[in-house]
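Here are my notes on this model, point by point. Please read them with the structure open.

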There are 2 protein chains.
Amino acid sequence: MKTPEADFVPWMGAVQARMEAVLGRLLPPAQQAPMRLHEAMRYATLEGGKRVRPLLVFAAGELAGAEERRLEIAAAAVELVHVYSLVHDDLPCMDDDVLRRGKPTVHVEYGEATALLAGDALQSLAFQVLAEHRLADDPATQLDMVRTLALAAGSRGMAGGQAVDLESTGKRLDLPELEFMHIRKTGALIRAAVVLGAACGAPLAEAERARLDRYAKCIGLAFQVVDDVLDAAASTATLGKTAGKDSKQGKPTYVQAMGVARAREFAEELRRDAQAALAGLGGRARRLAQLADFIVLREF
Amino acid sequence: MKTPEADFVPWMGAVQARMEAVLGRLLPPAQQAPMRLHEAMRYATLEGGKRVRPLLVFAAGELAGAEERRLEIAAAAVELVHVYSLVHDDLPCMDDDVLRRGKPTVHVEYGEATALLAGDALQSLAFQVLAEHRLADDPATQLDMVRTLALAAGSRGMAGGQAVDLESTGKRLDLPELEFMHIRKTGALIRAAVVLGAACGAPLAEAERARLDRYAKCIGLAFQVVDDVLDAAASTATLGKTAGKDSKQGKPTYVQAMGVARAREFAEELRRDAQAALAGLGGRARRLAQLADFIVLREF
């Protein structure tokens, strides 16, 4: 693996620690009724994950010169949507998984009904958080952020991608079909993270926005390609979630469509495209470039 | 049943027909991929329900002199949250119900996984709709509407009420506990409907807002008390959903806590309180008063 620049890992660790604190504060206390639901929401969200989407929010915010106390809220909203999707995705009627982030999944720990409601309430909380803190100078911009997140989460975004995933189990998809699915399932929320981070700062020029969007598209797809490779090639212990699940469940993946070696190459091409899109944005885009490395070269 | 004023039923029918058209337009077309998900979302939402929450949005909007094209969007957002909650509530891991609005429930028709995702996507769509149309002169007011709906839907509102409901099955709750549950489970979204409808119009005076809120609280609780009575006393054919379910499932209800006769009286008291709260608001509150009658005196 390419060695990350010296300041990347400390920066990543600082954002991750900050998000743990912010999410802990934004989630309802476990002592507040209904306690079991609030416990389950905290269990699902805290102490886990690489926080890739929050990292992207902060990195895009740096490009736009955004205040960190705005970024932490936008990042929390995106992460809450991501966590809710994991909770629902693990349910028996979906992927039926028992392990997530190295811990038993929410429905294993709290039962299916509570897991369902915890996911539902995490989604609501994401929009609450996004609406109740000041995140942009102009409230109209902030309304647009709500819309962006809702679109990314909904049937034309993440939930739609999940639905295609579901219908495709046991089938072989061609590359355009795979891309249709993954652009929605993972890509939409990753793009939203980048857009929301930038929206917290000064308005970007049209050309800068276009570059950022190209970066986000490449990185969103790359993330999923690497996920497919890791599912096929890494161990459950390394991943903190069940490995080898895709092929066992007959899910169409990039590995199935093009083999591990070609999938790795494809991820590498996407990383180069993402970084090419950042050219001309200067040093302010440095964290975004580092994250492209991190997302593609990660081993878990 | 008290005869409604002559103009109430046509008004109600007009709002209901309008909502059918508005929801049909706001929902993704069934021909758009992922089609099965979009079909399920439309199946869950269209052709059904009394549209009580939209009616409340329109009635509160009349009090505040709001434009109808704003009200129809706010009403759609509230109704989409309500519909998503029904879809999830009917799932096997929750109430496991097969009949809703006189039709097979979504998971019976489309399978559990699609029902789960359809509910999730309906919640996202509610916030998308609320953010992407202009609903208030001041975008900051509209952000506050997003926050209101998110709070009403989340763990301190509807989802929290569902969680208490779940934990209480097979137990006997005293009246304060029952009220805690129902104020959240049903009351929160009903209050949000009233608040959102008013927010679409001219700002109300503080005293008017307080009166409206008292009305909304009474009507929200009354709605649930009447639901409990109907579940115990009406037939499945009349309700369009399974009757007698509460006692069969060991759910604590107002009927269990105080008997049918006293529960009916309690609903009647709440109706009088709701209408007393409207006194002084004049003719602009007429639809709200009529809805209090409708909610308490309905037979389905």
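1. Burial and the model. A residue counts as buried here if 20 or more other C-beta atoms lie within 10 Å of its own. On that basis, 55% of the 300 residues of chain A are buried. Keep in mind that this is a predicted model.

2. Overall build of chain A. Chain A has 14 helices and two strands. Its radius of gyration is 18 Å, close to the 19 Å that the globule rule gives for 300 residues, so chain A is as compact as a globular protein of that length. The C-alpha trace spans about 50 × 45 × 35 Å along its principal axes. Among contacts in chain A with a separation of 6 or more, 73% come from residues 24 or more positions apart.

3. The interface. The contact takes 43 residues from chain A and 43 residues from chain B. On the side of chain A, the elements that give two or more residues are helix H2 (35-45), helix H6 (112-132), helix H7 (139-153) and helix H8 (158-168). H6(A) gives the most, with 14 residues. By class, this side of chain A has 25 nonpolar, 11 polar and seven charged residues.

4. Helix H8 of chain A. Is H8(A) enclosed or open? Nine of its 11 residues are buried, so H8(A) is largely enclosed by the rest of the structure. The buried residues are A:Met158, A:Ala159, A:Gly160, A:Gly161, A:Gln162, A:Ala163, A:Val164, A:Asp165 and A:Leu166. What covers them includes elements of both chains: helix H4 (68-89), H7 and helix H9 (175-199) of chain A, together with helix H2 (35-45) and helix H6 (112-132) of chain B. After H8(A) comes A:Gly170, with a positive phi near 85°.

5. Helix packing in chain A. Two packed helices are described by the angle between their axes and the distance between the axes. For helix H1 (residues 8-26) of chain A and H4(A), the axes come within 10 Å and cross at roughly 75°. H1(A) and H4(A) are therefore roughly perpendicular to each other. From H1(A), A:Arg18, A:Met19, A:Val22, A:Leu23 and A:Leu26 take part; they meet A:Glu72, A:Ala75, A:Ala76 and A:Glu79 in H4(A). By class, that contact has six nonpolar, no polar and three charged residues.

6. Helix packing in chain B. Look at helix H13 (residues 254-278) and helix H14 (residues 286-297) of chain B: their axes come within 9 Å and cross at roughly 175°. That makes H13(B) roughly antiparallel to H14(B). The H13(B) side consists of B:Ala267, B:Glu268, B:Arg271, B:Ala274, B:Gln275 and B:Leu278, which meet B:Leu288, B:Ala289, B:Ala292, B:Asp293 and B:Val296 in H14(B). Seven nonpolar, one polar and three charged residues make up this contact.

7. Cis peptide bonds. Most residues other than glycine have a negative phi, and most peptide bonds are trans. The bond from A:Ala33 to A:Pro34 is cis, with omega near -5°. A:Pro34 sits in the loop between H1 and H2 of chain A. In chain B, the peptide bond from B:Ala33 to B:Pro34 is cis, again with omega near -5°. B:Pro34 lies in the loop between helix H1 (8-26) and H2 of chain B.

8. A:Arg101 has a phi near 55°. This residue is in the loop between strand E1 (99-100) and strand E2 (103-104) of chain A. A:Arg101 has 15 C-beta neighbours inside 10 Å, so it counts as partly exposed. B:Arg51 also has a positive phi, about 60°. Its place is the loop between H2 and helix H3 (52-63) of chain B. With 22 C-beta neighbours inside 10 Å, B:Arg51 counts as buried.

Notes:
Residues are numbered from 1 along each chain as its sequence is written. Chains are lettered from A and ligands numbered from 1 in the order in which they are written. This is a predicted model: local features need pLDDT of at least 70, side-chain atom pairs count only at pLDDT 80 or more; totals for chains, interfaces and linings use all residues. Axes are lines fitted to C-alpha atoms, for helices over the stretch in contact, and angles run from 0 to 180 degrees between N-to-C directions. Helices (H or I, at least four residues) and strands (E, at least two) are DSSP runs, numbered from the N terminus. Angles under 35 degrees count as roughly parallel, over 145 as roughly antiparallel, 65 to 115 as roughly perpendicular and the rest as oblique. Two residues are in contact if their C-beta atoms, placed from the backbone, lie within 7 Å. Ala, Val, Leu, Ile, Met, Phe, Trp, Tyr, Cys and Pro count as nonpolar, Asp, Glu, Lys and Arg as charged, and the others, Gly among them, as polar. A residue is buried if 20 or more other C-beta atoms lie within 10 Å of its own, exposed if 12 or fewer, and partly exposed in between; C-beta atoms are placed from the backbone. The radius of gyration is taken over C-alpha atoms; the globule rule is 2.2 Å times the number of residues to the power 0.38.
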